[in-house]
Amino acid sequence: MRYNTIRKMDIADGPGVRVSIFMQGCAFHCKNCFNSETWDFNGGKEFNDDTINTVLDLCGKSHIKGLSILGGEPMHPSNIEGTTKLAKAFKEKYPEKNLWVWSGFQFDKDLKDKEVMKYVDVLVDGQYQDELHNPMLKWKGSSNQRVIDVQKSIAEGTTVLFDK
Ligand code: SF4
């Protein structure tokens, strides 16, 4: 598995100042994807334990409110194992900080039963649809995508939108 970029301070992808990591590889190829350089599964850099430790160290700073995992596609079968490992390590080390993930897969159809969902606070799900693009939307690029409160959704057995 590979990743594209780590941002030490990201104020665009989730609430507050965050660390973000963009995974490498996406098979969806949405029209006018914001990040098409992450499509190639052979691009970017190797994702390994050193990558996880680097991200965890960056997340330890007191001004960092949480971690964001984007892509590329973090939940692609080639990437989900590494994403799960990072998500678990992050939540074990920083239970007070939040984890946001962006995925082209859908929560109820594809992801709700995956182990990684135990560690995710908010999931922005669904493929980007260019014809539904709206620059005023918060945290998402097109109106079909959903900002989901994952832990509430699991507890209530239905998809609950994040409303803060
Ligand atoms: S799922 Fe995301 S990274 Fe993949 S093509 Fe669509 S917008 Fe781009």
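**Reading the sheet and a charged residue**

Q: How many bridges join strand 2 to strand 4?

A: Two strands count as paired if there are at least two bridges between them. In this predicted model, strand 2 (residues 18–23) and strand 4 (residues 66–70) run parallel and are joined by 5 bridges. Within this pairing, Ile21 stands opposite Ile69 in strand 4.

Q: What is the order of the strands in the open sheet?

A: The open sheet has 7 strands in the order 3-1-2-4-5-6-7, and their pairing is mixed. Strand 3 (45–46) and strand 7 (146–149) are at the edges; each has a single partner strand, so one side of each lacks a neighbour in the sheet.

Q: Which strands does helix 1 lie across?

A: Helix 1 (residues 49–59) lies across strand 1 (2–10), strand 2, strand 3 and strand 4, and runs at about 10° to strand 1.

Q: Where is Glu73 found, and is Glu73 buried or exposed?

A: Glu73 is in the loop between strand 4 and helix 2 (80–93). A residue is called buried when its relative accessible area is under 20%. Glu73 is buried yet forms no salt bridge; Lys114, the nearest side chain of opposite charge, is 11 Å away, whereas a salt bridge requires the charged atoms to be within 4 Å.

Q: Which polar atoms and residues, then, surround the side chain of Glu73?

A: A polar atom of the Glu73 side chain lies 2.9 Å from the backbone nitrogen of Met75. The side chains of Glu73 and Ser103 make a polar contact at 2.8 Å. Leaving aside residues up to four places away in sequence, Glu73 touches Gly25, Cys26, Phe28, Asn79, Ser103, Gly104 and Phe105.

How values were computed. Residues are numbered from 1 along each chain as its sequence is written. This is a predicted model: local features need pLDDT of at least 70, side-chain atom pairs count only at pLDDT 80 or more; totals for chains, interfaces and linings use all residues. Side-chain values use heavy atoms; hydrogens and water are left out. Helices (H or I, at least four residues) and strands (E, at least two) are DSSP runs, numbered from the N terminus. Contact means heavy atoms within 4.5 Å. Axes are lines fitted to C-alpha atoms, for helices over the stretch in contact, and angles run from 0 to 180 degrees between N-to-C directions. Buried means under 20% relative accessible area, exposed over 50%, partly exposed in between (1.4 Å probe, protein chains only). Lys and Arg count as positive and Asp and Glu as negative; His and the chain ends are not counted. A polar contact is a pair of N or O atoms within 3.5 Å; within protein, one must be able to donate a hydrogen and the other to accept it, and residues adjacent in sequence count only if both atoms are side-chain atoms.
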